[in-house]
Amino acid sequence: NTSSPEAYQAYLSGRYFWNKRSKENLEKAAGYFQKAINLDGNYAIAFAMLADSYNMLHYYNFTENSNEIIDKADAAAQKALSLSDSIPETHIATSYVQIAKYKNYEDAIKSLEKAIQLSPYNPTARIRYGWQLLRLKNID
């Protein structure tokens, strides 16, 4: 949470553009999450969503330098976790970094399970968890 109405508004704008999933909108989302962070440097969910904006830019191959973008995602996800491990988005963002950067699928599953434990009906956690189960266990 934040006590800054401006940071919260920037965060909400970021969520709006994050949901649109085009390159331009994910870049706008990252900009809004960064603005929220600039206004409140302890805004864990803004760091988590910044990380996931970078994750989605990487996932959809919307970036020319995939190593640089996943490093940015990793840094933002780690900062989010250091601020709060009780927000599901921090674990969701971390899970993608664990896969894309470290190829650590088991820890990615654990991160997603933690996100689901924190928020059982979170659709992003559920769908990404399903993807990982399919990848690892070849569920039909």
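**Notes on the model**

1. Tyr59, Tyr60, Ile127 and Trp131 make up a nonpolar surface patch, whose accessible area together is about 400 Å². Patch members have over 30% relative accessible area and no salt bridge, and nonpolar side chains are joined within 5 Å. Tryptophan 131 belongs to helix 7 and, at a relative accessible area of 41%, is partly exposed (buried is under 20%, exposed over 50%, partly exposed in between, with a 1.4 Å probe and protein chains only).

2. This is a predicted model, in which local features need pLDDT of at least 70 and side-chain atom pairs count only at pLDDT 80 or more, while totals for chains, interfaces and linings use all residues. Residues are numbered from 1 along each chain as its sequence is written, and side-chain values use heavy atoms, with hydrogens and water left out.

3. The count of salt bridges is six (a side-chain nitrogen of Lys or Arg within 4 Å of a carboxyl oxygen of Asp or Glu). One of them pairs lysine 72 with glutamate 68, with the closest N and O atoms 3.8 Å apart; both residues lie in helix 4 (residues 66-83), four residues apart, about one turn of the helix.

4. Lysine 101 forms a salt bridge with aspartate 74, at 2.9 Å from N to O. This pair links distant parts of the chain, since lysine 101 sits in the loop between helix 5 and helix 6 and aspartate 74 in helix 4, 27 residues apart. Aspartate 74 is buried, at 8% relative accessibility. Through salt bridges with shared partners, Asp71, Asp74 and Lys101 form one network.

Note on methods
Patch = residues over 30% accessible without salt bridge, like charges linked within 9 Å, V, L, I, M, F, W, Y side chains within 5 Å. Areas by Shrake-Rupley, 256 points an atom, 1.4 Å probe, with all protein chains shown as cover. Helix = DSSP H or I, 4+ residues; strand = E, 2+ residues; numbered from the N terminus.
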